[in-house]
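Subject: Structure handover

Hello,

Here is the structure we discussed, with the sequence. My notes on what was found in it follow below.

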Amino acid sequence: MHFKILISPAKNLKKQVFNDQERLSIPQFLSEAKLVHRALSKCNHSTLVDLMGISPKLASESKQMIKQWDHNFLYRAIELFDGEAYRGFDVQSLSAEHQDNLENRLRILSGFYGILRPSDLIAPYRLEMKTKIPVKKANNLYEFWGDKIAKHLRKDADFLVNLASDEYSKVVLPFWDKNKVLTPVFMEENNGNPKIVMMYAKNARGKMARFIIENHIESIDDIQGFDIDGYRFDKERSDDIRWVFLR
């Protein structure tokens, strides 16, 4: 089975320049990203505050990234983002023998770039998929990207392991056979009433992505063996497309 792992980007950025030229690649929707950049370039400071729901300080930082975007393609996508999922994945400690599998399996969804391979060379940005910015004739990013990302994924995948948030997976899943998507859910014991604690769930998503890559998993069923940090597969709370991992 040919499957891809989907994860979300992160708001926090490391901005660590990546110098291994042999592993760098160009984002596959760069021409579309330029259209998104053009739309963002038209936004003034106060518009960014309102549009993104951010502080004036973050809007200033965002405006600076927009200005420098064309000249700042210095960062490997998998190393730029610094959220809980990326801390869980910990790419810095992933050995070289797993790099090819990383490139083959993992895809990062992005409001700006659409979809990214781990070693795509990108510029820093702040833009959530849910941001209602008009791009060309589209009213928002979901309209702009439409089914482009799903069509692209279908070129070399027939199944998805969805470790992305709802905000990002929503740009793919409406255009995909729901029976060919597995969404792992990570829950914490809570006096017999398990609940999702988002910080822990995000971290576990990154660790599961690494588990799949590091163990070169080919069969989806083998994902049930994920047992990092005390999680275990809970068959009773799971169904065919939503697998619960409980600790």
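Strand β1 (residues 3–7) is largely enclosed by the rest of the structure, because five of its five residues are buried. Please keep in mind that this is a predicted model. From β1, F3, I5 and I7 point one way, K4 and L6 point the other way, and all are buried.

β1 pairs with two strands. With β6 (residues 159–162) the pairing is parallel and has four bridges; there I5 stands opposite V161. With β3 (residues 106–110) β1 also runs parallel, joined by three bridges, and R107 is the bridge partner of L6.

**The nonpolar core**

The largest nonpolar core has 76 residues, and I5, V172 and I223 have the most contacts inside it. Helix α10 (residues 198–214) supplies the largest share of this core, seven residues. Leaving aside residues up to four places away in sequence, V172 touches L6, L109, I149, A150, L153 and L160.

**Helix α3**

Helix α3 (residues 56–68) has 13 residues, which should span 18 Å at 1.5 Å a residue; the end C-alpha atoms are 18 Å apart, so the two agree. Which residues of α3 are buried? They are A59, S62, K63, M65 and I66. Seen down the helix axis, these buried residues fall within an arc of 160°, so they line one face of α3. They pack against α1 (30–41) and α2 (45–52). The face turned away from the buried side carries the exposed residues K57 and K67.

**Salt bridges**

Side chains of opposite charge can pair when their charged atoms come close. With a cut-off of 4 Å between nitrogen and oxygen, the count comes to 15 salt bridges.

- D120 pairs with R117, with the closest N and O atoms 3.1 Å apart. D120 counts as buried because its relative accessibility is 0%.
- D147 pairs with K151, with the closest N and O atoms 3.6 Å apart. D147 counts as partly exposed at 29% relative accessibility, and K151 counts as partly exposed at 49%.
- K207 and D229 meet at 2.6 Å, N to O. K207 lies in helix α10 and D229 in the loop between α10 and β8 (232–234), so this pair ties together parts that are 22 residues apart in sequence. K207 is partly exposed, with a relative accessible area of 22%, and D229 is partly exposed, with 39%.

Regards

Note on methods
Residues numbered from 1 in each chain as written. Predicted model: local features only at pLDDT ≥ 70, side-chain atom pairs only at ≥ 80, totals over all residues. Heavy atoms only, no water. Buried < 20%, exposed > 50% of the residue type's maximum accessible area, 1.4 Å probe, protein only. Pairing = 2+ DSSP bridges. Expected span 1.5 Å × (residues − 1). Arc of directions from axis to C-beta. Contact = heavy atoms within 4.5 Å. Core = buried A, V, L, I, M, F, W, Y, C linked by side-chain atoms within 4.5 Å. Salt bridge = Lys/Arg side-chain N within 4 Å of Asp/Glu carboxyl O.
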